[in-house]
Amino acid sequence: MSEQDFFDEGELVGVLTTQPLDRVLDYKAPEGGCWLGAFVEVPLGPRKVLGVVWGKGRGDWDISKVRAVIRALDVAPMREEMRLFIEKSAQYTLTSLPAMLRLATRAPGLSDPPSMRKVYRLGAGEPDRQTDARKRVIETLHEYGGLSFTLKELSELAGVTSSVVKGLVKQGVVAEEEAPRDLPYPKMDPEYGRKELTDDQEAASARLREGISSGTYGTTLLRGVTGSGKTEVYLEAVAECLRQGRQALVLLPEIALTAEFLTRVEARFGTKPAEWHSGVTMTERRRIWKMVGQGGVEVVIGARSALFLPYQNLGLVVVDEEHDTSYKQDDGVLYNARDMAVLRSSICGARVILASATPSLESWANADAGKYERLELTSRFGPAVMPDMQAIDMRAEDLPGSRWISPSMQAAVRSRIEKGEQSLLFINRRGYAPVTICRACGHQVGCDHCDARMVEHRFLKRLLCHQCGESKPMPEACPSCEVEGKLAPVGPGVERLAEEAQELFPDARMAVLSSDLFGSARALKEGITAIADGGADIIIGTQLVAKGHNFPLLTLVGVIDADLGLQGSDLRAAERTFQLMRQVAGRAGRSERKGQALLQTFQPEHPVIRAILAGDEEAFWKAEAGERRHAGVPPYGRMAGIILSSTDVQEVFDLGNALARNDGALREIGAQVFGPAPAPIARVRGRHRVRLLVKADKAAPLQAAVARWVGQYKLKGDMRLAVDIDPQSFY
């Protein structure tokens, strides 16, 4: 930083706080002065709040009433590129600056002064006797690979009292040490675990390393069939980034993927990287946040929010499974991590790698237009080959109405069990059944707070609302007519499928993989590891199983309802069905054994089903691109969703109608407004929801027009208005 970036004591500075205010506030620089970008504690009314020195003060306030910054925090100042990223992402998503700053300061204890603390790690001793509680403590320390924990964290992770940990300390089984609260991470060695690459992989790796060496921004779409070794290829780009002395970020779509991935990274670079997601302890989150800003972290593996960490020298961002819908945050700040990764990298001169076997149409179109470089991996690594894909025409199957696994599928599963191989039966529905209906009066059991049907979860013996999380016991009698014994499940869910499979294959070992059946990320990781080690003959799974897991014994994938995603009005329905089916099928035959994928469908002639079976992905993307281009919708047009919500249904429709009538700001740019209309799920958590959809040309200045349009109205009462630029979901 230059001297011009330093503010002397008493000089006016503008501070952006994390509070929901519409402006930067003036304060006097603290004793000793402060740098531009400094994280500071400032008084706001009777409270002390966190903020960042955003620039010079405006001076439009009575100077005698301007208060002083309480203190500058002992953390690295926010770099100019980070402030620019926050401003540009706020402009793009039409989000307030304070809300964006909150995303960038999501670590506890940032205002705490540096201090020492007692930490606990695995010691060298052996316990005099083994108990279940002691065993859990030791297993927890082993699982986290030598990390240190506070007493509270270790006790909570292991599910024991602090006295159990203290007892192990006395015996030397657990070591108690004084340590600084935040330490740098061990250095990673880019030469440590280099692997022999195939010719295809080496060619792609060389192109990526060349891009990293240039030190300039660029985005590459790394497309490779499932099992082609995309991970090994982009880890070579990470290695090159380390050689250049820069930091790398790898984004993953699911916490469940991190355990296996961290092991691979450690095997490649000799030590574990930093891990950032909701399952990380608060102590570790603060340490990562501070060390990232000081350059004490070289590689971060994280969820989408890891994009907002204060990197000192970011050189590479990898978005693995870049097509995955979980990269779009659909509450709070509405942003797509894939797009924000490109924006952030363009500001700081970093490279972006978008990796996927089935890219999003947006990324495919950017590569097709020459905006992104495109690299292809066309064959599986080693002896593995792509699975055979076939449709089971359900119109020709003799199947009772209460059954879902066809005779053809049953025969294929039995064949795999006899060979000692695994089968995966996939359905993209959680729970036992999507609807519970009364056969006496026809009532469908719904949520009390949402316009959504409650889903029976038989394993939990409860009904759950998948919109708001409301839960209640499965009733004996119908809530409407009060007749007992007439409530019946309608349609299949993953639990019902598991029940049917157990009846058909009573001697087979079953494993059900569904996100709501695991109490913690740790339990989910353990379940996945057990399956990979051969702990099940049949895996029953939801969308969770499509995301990067490697089961060496899995040779059959059976998709129970391949038509499920083809229904509805979502413009991305065909794309998502294609991606999901290809990703699920790609779980089969990832080692030496040949795999097979069977799709149960009532529409084998549907263009999407035919494209999946043919394996001609390029033809599918071209056809889908042609339809989107003709309709003028993303990625060949622009869209914005407006979501209004209130506890008063009349107020929410009145505002929606007023917006639709007064759309002059949008007509100026040639945009169209559709709606207002009730959202497909029109009430969530007691709030009525109305949507409007704005459609504009690709080159239209959409954000500015939408800002002027919605800015006409001041929201009253509990009315809320959210703008979703580039909506991925229309619920």
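Reader: Is Cys348 buried or exposed?
Author: Quick background: this is a predicted model, where local features need pLDDT of at least 70, side-chain atom pairs count only at pLDDT 80 or more, and totals for chains, interfaces and linings use all residues. Residues are numbered from 1 along each chain as its sequence is written, and side-chain values use heavy atoms, with hydrogens and water left out. Buried means under 20% relative accessible area, exposed over 50%, and partly exposed in between (1.4 Å probe, protein chains only). Cys348 comes out at 13% relative accessibility, so it counts as buried.

Reader: How many disulfides are there in the whole structure?
Author: A disulfide here is a pair of cysteine sulfur atoms within 2.5 Å. Searching the whole structure with that rule gives a count of zero. Take Cys348: its nearest cysteine sulfur belongs to Cys241, 10.0 Å away, and Cys348 is in no disulfide. So the number of disulfides found is zero.

Reader: How far apart are the end C-alpha atoms of helix α17?
Author: Helices (H or I, at least four residues) and strands (E, at least two) are DSSP runs, numbered from the N terminus. The expected span of a helix is 1.5 Å times one less than its number of residues. With 15 residues (617-631), α17 should therefore span 21 Å. The model agrees, as the end C-alpha atoms are apart by 21 Å.

Reader: Which residues of β10 are buried on each side?
Author: In a regular strand the side chains alternate between the two faces of the sheet. β10 is mostly covered, with seven of its seven residues buried. On one side these are Gly218, Thr220, Leu222 and Gly224, and on the other Thr219, Leu221 and Arg223.

Reader: What stands opposite Leu222 in β16?
Author: Two strands pair if DSSP finds at least two bridges between them. β10 pairs in the parallel sense with β15 (residues 351-356) over six bridges, and there Thr220 has Ile353 as its bridge partner. β10 also runs parallel to β16 (residues 373-377), joined by five bridges. In β16, the residue opposite Leu222 is Leu375.

Reader: Where is Pro635?
Author: α17 is followed by Gly632, whose phi is positive, near 70°. Then the peptide bond from Pro634 to Pro635 is cis, with omega near 5°. Pro635 has its place in the loop between α17 and β28 (638-646).

Reader: What is the relative accessible area of Leu94?
Author: Leu94 lies in the loop between α1 (80-93) and α2 (97-103). Its phi is positive, about 55°, although Leu94 is not a glycine. Leu94 counts as partly exposed because its relative accessible area is 28%.
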